[in-house]
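Subject: Structure handover

Hello,

Here is the structure I said I would pass on. My notes on it follow below.

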Amino acid sequence: MSINQQNLYDFDIHIAEIYDQKENHTQDIELLLKLLRKKGKLNILEPFCGTGRILISLVLDGHTTFGIDQSQAMLQFAQTKIDRLPNDVQKRIQLKCADVTGETWPTEYDLVILGFNCFYELASAEEQEFCIYQASRACASGGYIYVDNDHMEGELDTAWQDMNHKYVYLSGICKDGYQVKNTRETIWFDIKRRLARFDRRYQIIAPEGDIVEYQFFQQKHPVSKVEVQTWLEKHGFEILAVYGDHTANPYHEHSKKAIFWARKR
Ligand SMILES: C[S@@+](CC[C@H](N)C(=O)[O-])C[C@H]1O[C@@H](n2cnc3c(N)ncnc32)[C@H](O)[C@@H]1O
């Protein structure tokens, strides 16, 4: 089970709605659809599936998906979107609420997606490697894996070391008038081990002004390109491509992203 006992998305459905409002980009989905062209209809596993941003697009493209997420709120929000899809499409989606670091993942998938910075949800390199190990078990022989993270090499980003800065993320107003205010402050870091711990707080403010405040701690390890590459190779994947962005430009040392497309041997 993860050292991070709670995550940002666990507490309240409003945070799921704000996530869905703000993180509505599709470039990663377009890259995935390009990679899947001419591969037929696949059976896809997406741990950290959240509100189904990626998963729903893939089902609409004809694939069958199984999504796992720790947050009941994110899955509930995903389900409201799934309920609006045609019945035959709905039948090709399954969701499960679970901590992916404490579960054995289901097996025999044609593709496992570790999308949109999901490794930034995890507390350590060990937890991240465990996900690659689980993905390898979950993939059928010849199956694919897609791993997509921001590219943060070298020393811990200076912004992560700044203990005086309040970083504002996923804040906004929901359809029912509730306001979400969400902040993150560094409380500890270890440059050599590339670890940082954050005090995270968010407020849910009702239209009448009542405020509910949540607070929790989270540890992060900004995964490096070399780590992902090493783990993929160690756990039986052949790396087919490493992209530096979602338009499939090749990775280089100044790339914003390190996106791996690999195949289980
Ligand atoms: C940044 S969101 C990404 C959602 C989705 N993959 C996307 O691309 O839009 C990260 C998701 O990971 C989930 N998560 C974080 N830690 C987790 C864990 N240990 N087990 C399962 N899900 C987790 C959160 O609840 C959240 O929904």
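The first thing to check was the overall size of the chain. For 265 residues, a compact globule would have a radius of gyration near 18 Å, and the chain agrees with this because its own value is 18 Å. Please keep in mind that this is a predicted model. The C-alpha trace spans about 55 × 50 × 35 Å along its principal axes. Of the 265 residues, 37% count as buried. Among contacts with a separation of 6 or more, 67% are between residues 24 or more positions apart.

The chain contains eight helices and 12 strands. It is divided into domain 1, made of residues 8-154 + 222-264, and domain 2, made of residues 158-220. The contact between them takes 13 residues from domain 1 and 12 residues from domain 2. On the domain 1 side, the touching residues are eight nonpolar, two polar and three charged. The centres of the two domains, taken over C-alpha atoms, are 24 Å apart.

Next, helix H6. This helix covers residues 125-138, 14 residues in total, and reaches 20 Å from its first C-alpha to its last, close to the 20 Å expected. Its buried residues are Gln-128, Glu-129, Cys-131, Ile-132, Gln-134, Ala-135, Ser-136 and Ala-138. What do the buried residues of H6 pack against? Their partners are strands E1 (43-47), E4 (109-114), E5 (139-150), E11 (237-243) and E12 (257-264), together with helix H8 (225-234).

On the ligand: 21 residues lie around it, and Phe-48, Gly-50, Gln-70, Ser-71 and Phe-116 come nearest. By class, the shell around the ligand has eight nonpolar, eight polar and five charged residues.

Two backbone angles are worth a look. Most residues other than glycine have a negative phi. Asn-117, which is not a glycine, has a positive phi of about 60°, and Arg-194, also not a glycine, has a positive phi of about 50°. Asn-117 sits in the loop between E4 and H6, while Arg-194 sits in the loop between strand E8 (179-190) and strand E9 (195-205). Are these residues buried or exposed? Asn-117 counts as partly exposed because it has 16 C-beta neighbours inside 10 Å. Arg-194 has 22 other C-beta atoms within 10 Å, so it is buried.

Regards

How values were computed: Residues are numbered from 1 along each chain as its sequence is written. This is a predicted model: local features need pLDDT of at least 70, side-chain atom pairs count only at pLDDT 80 or more; totals for chains, interfaces and linings use all residues. Helices (H or I, at least four residues) and strands (E, at least two) are DSSP runs, numbered from the N terminus. The expected span of a helix is 1.5 Å times one less than its number of residues. A residue is buried if 20 or more other C-beta atoms lie within 10 Å of its own, exposed if 12 or fewer, and partly exposed in between; C-beta atoms are placed from the backbone. Two residues are in contact if their C-beta atoms, placed from the backbone, lie within 7 Å. Domain bounds come from an automatic or database domain assignment. Ala, Val, Leu, Ile, Met, Phe, Trp, Tyr, Cys and Pro count as nonpolar, Asp, Glu, Lys and Arg as charged, and the others, Gly among them, as polar. The radius of gyration is taken over C-alpha atoms; the globule rule is 2.2 Å times the number of residues to the power 0.38. A residue is near a molecule or strand if its C-beta atom, placed from the backbone, lies within 6 Å of it.
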